Number of protein chains: 2
Amino acid sequence: QSFKRFTLCLSLYAQIGLNITQICLAKECSEDEVSEIDSHIWVHGVYLHLPPASLTSRVLNTLKPEKDVDGISDLNMGRLVRGDLSKGFVPPIANAVLDLLEKHGEFLRMDKPCPYFYICSCTYVAAVLLRVVTAWKTQSCFSVFISDIEISRAQTPKPVDQLAAEIGVLPEELEAYGRSKAKVQLSLLDRLHTQPDGKYVLVAGITPTPLGEGKSTVTIGLVQALSAHLKLNSFACLRQPSQGPTFGVKGGAAGGGYAQVIPMEEFNLHLTGDIHAITAANNLVAAAIDARMLHEATQSDKALFNRLVPSVNGVRRFSPIQISRLNRLGINKTDPASLTPQEVSTFVRLDLDPSKITWQRVVDTNDRFLRKITVGQASTEKGMIRETGFDIAVASEIMAILALADSLEDMKNRLARMVVGTSRSGQPITAEDLGVSGALAVLMKDAIKPTMMQTLEGTPVFVHAGPFANIAHGNSSVLADKLALKLVGRNGFVVTEAGFGADIGMEKFFNIKCRASGLRPNVVVLVATVRALKMHGGGPNVSAGAPLPREYIDENLSLVAGGCRSNLRKQIQIAHLFGVPVVVAPTIEVKLFNLLSVAFINLYCIFSKSNFLDSVPLTGALMCFHLSVSPSFPQMPIVEKIRTIAQKVYGADDIELSPEAEAKIDYYNQQGYGSLPICMAKTHLSLSHMPDKKGAPTGFTLPIRDVRASIGAGFIFPLMSTMPGLPTRPCFYDIDLDPVTEEITGLF
Amino acid sequence: QSFKRFTLCLSLYAQIGLNITQICLAKECSEDEVSEIDSHIWVHGVYLHLPPASLTSRVLNTLKPEKDVDGISDLNMGRLVRGDLSKGFVPPIANAVLDLLEKHGEFLRMDKPCPYFYICSCTYVAAVLLRVVTAWKTQSCFSVFISDIEISRAQTPKPVDQLAAEIGVLPEELEAYGRSKAKVQLSLLDRLHTQPDGKYVLVAGITPTPLGEGKSTVTIGLVQALSAHLKLNSFACLRQPSQGPTFGVKGGAAGGGYAQVIPMEEFNLHLTGDIHAITAANNLVAAAIDARMLHEATQSDKALFNRLVPSVNGVRRFSPIQISRLNRLGINKTDPASLTPQEVSTFVRLDLDPSKITWQRVVDTNDRFLRKITVGQASTEKGMIRETGFDIAVASEIMAILALADSLEDMKNRLARMVVGTSRSGQPITAEDLGVSGALAVLMKDAIKPTMMQTLEGTPVFVHAGPFANIAHGNSSVLADKLALKLVGRNGFVVTEAGFGADIGMEKFFNIKCRASGLRPNVVVLVATVRALKMHGGGPNVSAGAPLPREYIDENLSLVAGGCRSNLRKQIQIAHLFGVPVVVAPTIEVKLFNLLSVAFINLYCIFSKSNFLDSVPLTGALMCFHLSVSPSFPQMPIVEKIRTIAQKVYGADDIELSPEAEAKIDYYNQQGYGSLPICMAKTHLSLSHMPDKKGAPTGFTLPIRDVRASIGAGFIFPLMSTMPGLPTRPCFYDIDLDPVTEEITGLF
C-alpha cells in the first residue's frame, strides 16, 4: 500500500550534524520508503498524515504506537506536548491543537526510543500539527508549508519578566518594552563580575548564495537544543536586522521554521528602537557638518567665537567638549578671554574640505535614489551645494561602534573619535570637534543596552547591533556576548553569529571583535547548505527572485561533493588559521524535501566524518573543547595586514594597490592609525573579489581600489556600494495589517 | 532690618488666573516688601531664606509660625510634605530634603490659612527646598535657578503599572516601555464605550514670541491642580516634541519648573519611537515613488506586470492592495490572466509626473542642507535625477494622520488615500497605488497607541502625535483625547493643547480635529505671557538667543495693557466665534521675578476681571461649563472657507489668490476634495501673514501664493518652509552623558 501523503518531522536536537531544523515534509511515497527513512540512524520520529480512508487495520497494526506511558492518549501524542517541559511553560496553542487532533483519528505517529525526541519542543510539534490541521480543515493542499510568521504566531512568548527571573536577571536590571522584549542594564556586568564566563560558540558559514544560508536558524536551533533538551544554560546572540530588506527583497531575519526568535514581527520591525537611535545620531552629525561649513563661510572669527562660546549672564565658558578640542590643538587655556586672535581662529575654524567629507547621512530604507545626491540647493544655503549620499542605517559607523563598545564610556569615547572628514590643511576632523559627541552619547544611551527576546522554546536571546559585514565587521555586539557569558555561567553556552561567509565574518570576528572584547571562542560552527555546496561544486548561478535551476532541485550528489571539496574545505582551513576546532552544520532548504534521500544523508555522514573535517557531533563536542585560540593579530604595517588576509584567508597570490589606496595608507600611517585592524569590504559571494568565482578560487590578485577608515569604530576598510534598491514588486506589496484582529499578513 | 535674601513661593493651585507655576524668587528686599507681598490676596505663603546670623529673636518672633497642628515639626514644614497626598505617593526626595532641613534652623516659613496651600505638592515644595539647600551647601549664589532637568530628576516617577492601576487601565491593556512610560491599547475604548466622557479643556495661547509661551506648562499645572489638589480625575494630552529643536535651538518641551512631564529626558528623546516609525513609513513611500518611476521607465508593460503579479507555484494572484487599485481604475476583474493589454498597461503604469510629486522625504533633525536636494545621481539610477527635499519628520502627512485617526482601520484607510503626486494625465496617485499602504499600517501599528507618562505629581499624561501647526493642524491625537475622556469619567477633566496662537492652533482644533473626532471642548484656556503681551503692546522684537530688550525686564505696565487690549482681546473674540467660554491664564517668566510687583498683580486682576474678558477663576469655572460649541464648519466652496478664516479669524479685509493657487483649487474641486477643511499655513508670529505685525493688525489682504492638500489626513493647505536649521552653537554643544552615573547633563 502506498500512503498518499506523509509528514516527516526530524528533530534538529537529535543530531546537529544534520541540521534539518525546518524539515516538515509532504511527499508521496511508498511504505517501504517511509520504513527506510524511519530506520535511518538520524531519524528519530516520523509523523504520518493519512486520509481517513487509509486507516485500514493493516495500517493501524503497522503504525499503532506503543501504549502511551503517561496514559493521556492512545495516539501517543500526549507525552510529546504535555510532558515535562524544561521551561515549565506550556503554550496554549499546543493544547488547543491537541484537543482538535484528539477528535480525529487520522494522525498517527511512529517513533522509536530516543531520549531527545521525547523531550522535543512542544512548540515544534504543535506548530507542525497546527499546519496539518489547518490544511485538513480548509481542504487546501497538504503540501502548503506553514510560513515562518504562522509558526511564530502559534507560540505565545512567556512574559519577559518571567524569562528574566528564570535566567537570573534582577527586576531592577530589566527594562521591559511591551511584554515580549526588554533591555538589560549594563550594571549586570558589575554585579556578576566574579562569575566565570560560559563557553563561547561562533556560528559562521561557507560562502553563501544570494539567498542566505540560515546561520541565524542554526544559531537558534542550537541554543534550543542545548537549553531545552540538554538542560544546559544557553543564550543566543543575534544581530538586529535592518528594515530595508524587510520591506525590500529579502524579508525578515528571525531564523526560520521552528528555530525562530519570537515574536518575529517585533524582531523585524522597530524592536526597541536601536537602529532609529543610530539614524538620529548619524544624521545629527551630518547636519552639524553642513551647518558648520555654512556658518564658518559666513561669519568672522569673532562672530563665530562669540556664538560658540556665548556670554551667559556676562560670563563666557568653554564646554567640556570644547576644552577637549583646545587640548587637541595644543591650546592649554580654559579662560575664553585669554585666547590670542590666532588661537581663536584655530579654535573656531574646523575648515573642513568639502571634497574630503567622508560622513554620509543614513536611512533605514532601501532608497536607491539617495545613493548619490546634491544637497544645499535651497537659496537659504547660499550656494554651498555639494555632492554626498545616504547609506543604509546599519552601515553607519555608529552601528559598528555600538557593536564594539564594551561600556558606556568606551562608546562615548569612540563616538568622540569618529573622523568625519579632513580639514583643508589635512587634519582629521572628529565628531568632538563638531561639538556633537555628548549629544550622540545621549541619543545612544538606551541603544547600548542589549535587547532580550526568546526563541520559540523560551531560550533567552540577545538581539543587539547589526553592523554591515562589508564596510564594517558584521558581528553582533560585544556587550551582549559579555552579558550572556556571565548569565549562563561556567557550564553554560553562548552562541553568537558572524555575518557573510567565514572568510569575512569569522575573520573579522577574530581580528576585530575579539580584539575589542578580549574574548575567544571555544568552537566555530560552520553552516553549509546543500544549495551553496552545489553552487561551489559547479552548479549554475542562483539569484533572489528567480526560479531555482534544476540542478538545485534534483539530487546531484556530485555537485554537493564538489562544494565540500572546494569552498567548505577552504573555510574550515581558514578557521584552523585561528586555531579553533570546527563543527560543520550542513543544512537543507525546507522546500527541497525530495533531496532528503538516504543517499543524501549518507553523503553528509561521509563528509562530516571524513579526515579533512574535524567535525564531531556538536552538542557532545562543545563541552570538551577548551580555549585554544589566540586572536591577537601581528603588529604589522597596514599593507602587510591586507596582504596577509588576502593570501592566507582568501587564497590570493598577492594584492595590488591603486595609487589612491597607497596615498590613503600613507595618510593613515602619518595620522597614527597604522595599528588599527583591517576590515576588508570584499564581496561575500566569493572567496575572491569576483562574485562569480565560486568554490575556492586561486591564482588571482586582489585589487585594492580605495582605503577608508572608521576611526571611532577602530578599523581601516575599502568601500563598496552600501544602499540597496527596491525591486519592481517589493515585499511591502504583500504586507498588510488587519485593523480588527491587528494581525500582520504577508510579512515573511 | 533688611533681609538679604528671601525666597517667595507662590502656588499655582491657589489661583490659576495668576499662573506662576515657575515662580521661585530670590530677591533682595526689605521686610516691608515681604510684608506687602505676603499680604496680597493671591499670595498664600512665603518661604524665607535667612543666613544664621539673621536669626535674631526679633526675626524669630516676627516669623515664627503657628504651632504645627500635626505636631511633626515646630518649623511648620512637616505637614506640607508629609501630609495626606492624593496619590498615596511620597517621593523619597522630599523626606531626604526635609531631614536635611530639620538639622538647620535657618529656614522659616510664614503662612496663613489657605486650604490649597496646605495640600500643595510635595514635589513642588521639595524641589524648591532642594535648590535652597544645594545653594546653601555649595555656597553658590542663591539666585541660581534650578534647571528643569534638575527638578525632573529630583522626582522618582511612580512605576507606570501603578499609575495604570490607579486610573483604571487593566494590566493587559498596558504595554510598558521601561518603567516610566507605557503604551495604552485601543481596546480600552471598546471596554469603556458606555462610560460617559469627562469635561474637555483646550489650552491655547495668544500670538507668541519666538520664545514660546508655556502652554504645555499651563496644561500640566492645570491637571496637577485639578488632580492632586481638587481631587478630581484629570488627564493631560500633549504633543510629542520633535528631536530637531531639542538638539537645535529651542531645547526640550516637557513643560517647565514644577509643572513637567517626567522623566523629561524620555519625553524629549526617542520616547516610544512613534516619530521614528513615522520617519520609516514616510521614507518607505518616498523610496517606493522613485523606485517605481525607474522601473516603469526601464521595463515593458509585460515585464512590469509579471513582476508586480508574480507567478507563485505557477499561479498569478492580485494582492488585496492591487485589487483596490483595479477597482479605482474601473477594472472589475480578479483573474490576472483576464486583463486586456490595455488594462495591463493602465494597471502597471502609475505614470507619475516627476515635476508633480508632492511627497518629500523626512528626517527628525534640523538639517537645512536637505531642504532642497537632487536625488538619483548615481549611475545605477540611469540619469533619472530630480529635485526634491526633506521636511522635518513631524511635518509628514503621516504624523497628521496619526493625530486625526480614530481607529486602526481609519488610520489604515487614511494612509492608503494619501496622494503622493499626479500622473501625466492629471490623476492623483495614492500610497495604495504604490502598493505600500499595508506596509505603512504595519510600521505604524504601535505608534497608534498613545504613550502614557505622568506629571511631577503623578497625574497621568498622554503624549501622542505632534503634527506641525502650519502645514498640519498642530494638535495632539484624537485617540489620546478619547481614551483620556473615558478614563477620567463623567466628572473628570481632560486638558489638551493646541499649537501656536489660538488663531491657528485653536481654529484648527475646531475646524479639523473636532470635525474628525466629533468631540467638543467645554472651555478654552488662553495662555498669555507678560512678554508676549508687551510685544503686542508695542515692545521691540524678541528673538531666540539674543538678550531680552530692556522693555521686557522692566515693569512697563502700559505695554502689558496694550497687549491685553489688542492681541489678547482679538484671540478671545476668535474663541467666542466658536461659542466657547474663555479663561485667561496670564503667565510670567521665572527669571523676571522683579516684575512681580503688587501693581503688576493688580493689573492682571483688572484685565482678568474686566468686561471684555469672561475669565473666571479656572478651577472653579470648569465644573459649571456645559457643551455650547458647534464645531461644524459651513459647507462652502474652498475659496469661501479660506476667506472666512482670513476675515473672521485673522481680521483681514480679504484674500488674494495667485494664479497658481486658483488653478490648484480648481483641480481639487475637480477631484472631489472641495469638502475638505482648510489648514492655513500662516506664520504663528502675527495674526496676519506678516510676522512683524504684532497686536491685532487690520487693513491687510492675505495673499494665498499656493495651495496644497493632505488627502489622507484630510485637509487643504498652502505651504511654508518646513526644515529648521542649526545655529552656530546648537544645543548639542552642552548635551553630554556621564558614562558612570548615566546622568544627562546640559539637556534643557
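The axis relates the two chains of a predicted model, in which local features need pLDDT of at least 70 and side-chain atom pairs count only at pLDDT 80 or more, whereas totals for chains, interfaces and linings use all residues. Residues are numbered from 1 along each chain as its sequence is written, chains are lettered from A and ligands numbered from 1 in the order in which they are written, and side-chain values use heavy atoms, with hydrogens and water left out.

**The axis**

Display both chains together. The same surface serves both copies, since 100% of the contact residues of chain B recur in chain A.

**The interface**

Next, select the residues of each chain in contact with the other (heavy atoms within 4.5 Å). The selection holds 85 residues of chain B and 85 residues of chain A. About 7400 Å² is buried between the chains, 62% of it from carbon and sulfur atoms; buried area is the accessible area (1.4 Å probe) that two parts lose on being put together, summed over both. Highlight Phe369(B), Thr728(B) and Tyr733(B), which supply 11% of the area that chain B buries against chain A, more than any other three residues.

Move to Arg361(A) and Asp367(B), which form a salt bridge with their closest N and O atoms 2.6 Å apart. Between chain B and chain A the count is 8 salt bridges (a side-chain nitrogen of Lys or Arg within 4 Å of a carboxyl oxygen of Asp or Glu). Then colour helix 13 (residues 274-298) of chain B, which gives the most to the side touching chain A, with 12 residues. Helices (H or I, at least four residues) and strands (E, at least two) are DSSP runs numbered from the N terminus.

**Chain A and Arg292(A)**

Chain A has 28 helices and 30 strands, and 65% of its 748 residues count as buried (under 20% relative accessible area; exposed is over 50% and partly exposed in between, with a 1.4 Å probe and protein chains only). Of the contacts in chain A with a separation of 6 or more, 76% join residues 24 or more positions apart.

Arg292(A) is buried, at 5% relative accessible area. Leaving aside residues up to four places away in sequence, its contacts include Phe347(A), Asp433(A) and, from the other chain, Tyr733(B).

**Backbone geometry**

Most residues other than glycine have a negative phi, and most peptide bonds are trans. Go to Ile262(A) and Pro263(A), where the peptide bond is cis with omega near -15°. Pro263(A) sits in the loop between strand 10 (259-262) and helix 12 (264-268) of chain A. In chain B, the bond from Ile262(B) to Pro263(B) is also cis, with omega about -10°.

End at Phe500(A), which is not a glycine but has a positive phi of about 55°. Phe500(A) lies in the loop between strand 22 (493-497) and helix 21 (502-517) of chain A and is partly exposed, at 22% relative accessibility. Phe500(B) likewise has a positive phi of about 55° and is partly exposed, at 21%.
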